[in-house]
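Here is a short tour to read alongside the model. Please keep the sequence and the 3D view open as you go.

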Amino acid sequence: MESDLPLVFDGHNDTLLNLHLPDRGEGRSFFERSDLGHIDLPRAREGGFGGGFFACYVPNSEVDGWNEEEALTVTDDGYEVSDAPRLDPNYARYFADELVAGLFRLQSEGGLRVVRTAEDLERCLREGIVAAILHFEGAENLGPDPGALEELYEAGLRSLGLVWSRPNAYAHGVPFRFPSSPDTGPGLTGAGKELVRECNRLGVLIDLSHINERGFWDVADLSEAPLVATHSNAHVLCPASRNLTDGQLDAIRDSGGMVGVNFAVGFLREDGGESVDTPLETVVRHVDYLVGRVGIEGVGFGSDFDGAKVPKDLGDVSGLPRLLDALRSVGYDEPALEKLAHRNWVRVLRTTWGG
Ligand SMILES: [Zn+2]
């Protein structure tokens with residue numbers, strides 16, 4: 001790692017699922033260097049990865065046979081993925097608990113530390129310990145009773161996406177489509193509105209990546225916390241349903257919130273395509289645009305490592321210094337790079353979590 005580069009704290013990875021499912025992680029270990037997946041401890045150290053949001057995401061395929069590849073239809077100018085069915089909340093909770101156990105196993109084996117406060121996070125960054133935020137990607141993971149949020153908070157949960165790209169009892173996720181507006185369906189349910197209030201009360205970050213536009217605006221109306229999309233890009237540059245319109249970006253700016261730039265090529269490229277021959281410059285273009293719209297205080301990274309195809313020039317987490325170098329070469333100075341790399345996340349988390 002080049003020591004003059006700031007550590008990167010990152011808004012989203014799917015490493016827990018990748019390690020958990022043999023057909024995804026192929027049995028690799030977090031503690032040994034591998035060519036599989038994107039994040040393990042040796043590559044994290046090499047890339048100056050200070051940690052990030054470790055998502056607990058429950059896939060459909062094991063329970064109902066729906067999977068993204070089979071659901072995909074190529075259209076004249078892009079693609080459409082047919083709607084993923086909602087998950088049984090009992091199953092979602094059972095599976096999420098396995099991922100949570102996996103995260104705490106990594107902690108007890110000395111691979112990382114699960115952080116609960118902004119102070120914990122800053123201490124990890126100072127001491128070079130990988131910091132992990134326990135994040136649920138989809139509130140069905142709470143199980144059938146939304147009251148479980150408090151018990152999970154006690155266990156360490158600090159971030160909750162109301163939905164993944166499917167509906168649940170709280171909200172509706174955007175189906176994957178290109179080109180498409182994110183305005184794809186109804187807003188929050190009554191239970192969803194209650195859950196937003198509970199997240200505010202406890203100090204749990206509400207992640208707006210994957211929610212449809214009406215749900216986004218409902219959260220914007222209700223929530224007292226800064227608006228955050230942990231892993232989404234600019235819709236103007238890549239008109240995928242998963243990306244954020246200028247109006248959404250303005251609301252994020254006005255709330256003092258932030259956006260984590262997603263490295264998934266499908267959410268970066270203007271053609272929405274899946275080619276990993278996507279220059280780092282494409283990532284830089286999204287950073288530039290988001291900084292122009294939201295401000296240098298409102299942009300960070302949300303890699304989607306271990307959950308998506310990323311540009312081959314980045315490769316995996318060990319390639320982060322190449323991205324920071326690319327940003328530096330187009331004029332981001334040291335204070336700006338530090339903000340993008342981790343300071344903005346620390347600030348927004350401190351405001352959201354309190355203390
Ligand atoms: Zn995601």
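## A charged patch

Which residues form a negative surface patch? The patch is made up of Glu-68, Glu-69, Glu-70 and Glu-274. Patch residues have over 30% relative accessible area and no salt bridge, with like charges joined within 9 Å. A salt bridge is a side-chain nitrogen of Lys or Arg within 4 Å of a carboxyl oxygen of Asp or Glu. Accessible areas come from the Shrake-Rupley method with a 1.4 Å probe.

This is a predicted model, in which local features need pLDDT of at least 70 and side-chain atom pairs pLDDT 80 or more, while totals for chains, interfaces and linings use all residues. Residues are numbered from 1 along each chain as its sequence is written, and side-chain values use heavy atoms, leaving out hydrogens and water.

Glu-69 belongs to helix 5 (residues 68-71); helices (H or I, at least four residues) and strands (E, at least two) are DSSP runs numbered from the N terminus. With a relative accessibility of 71%, Glu-69 counts as exposed (exposed is over 50% relative accessible area, buried under 20%, partly exposed in between).

## Strands and their partners

An open sheet holds three strands in the order 3-4-8, with antiparallel pairing. Strand 3 (72-74) and strand 8 (177-178) are at the edges with a single partner strand each, so one side of each has no neighbour in the sheet. Strand 4 (residues 79-81) is joined to strand 8 by two bridges, and Tyr-79 faces Phe-178 across the pair. Two strands pair if DSSP finds at least two bridges between them.

Elsewhere, strand 10 (residues 228-229) and strand 11 run parallel, joined by two bridges, and Val-228 sits opposite Met-258. In a regular strand, side chains alternate between the two faces of the sheet. In strand 11 (residues 258-261), Met-258 and Gly-260 point one way and Val-259 and Val-261 the other, and all are buried.

Most residues other than glycine have a negative phi, and most peptide bonds are trans. What kind of peptide bond joins Phe-178 and Pro-179? The bond is cis, with omega about -15 degrees. Pro-179 is placed in the loop between strand 8 and helix 9 (190-202).

His-210 has a positive phi, near 85 degrees. The loop between strand 9 (205-207) and helix 10 (213-222) contains His-210, which is buried at 5% relative accessible area. Asp-306 also has a positive phi, near 70 degrees. Asp-306 lies in the loop between strand 12 (299-301) and helix 14 (320-329) and is buried, with a relative accessible area of 4%.

Terms used
Patch = residues over 30% accessible without salt bridge, like charges linked within 9 Å, V, L, I, M, F, W, Y side chains within 5 Å. Lys, Arg positive; Asp, Glu negative; His and termini not counted. Charge placed at Lys NZ, Arg CZ, Asp CG, Glu CD. Buried < 20%, exposed > 50% of the residue type's maximum accessible area, 1.4 Å probe, protein only.
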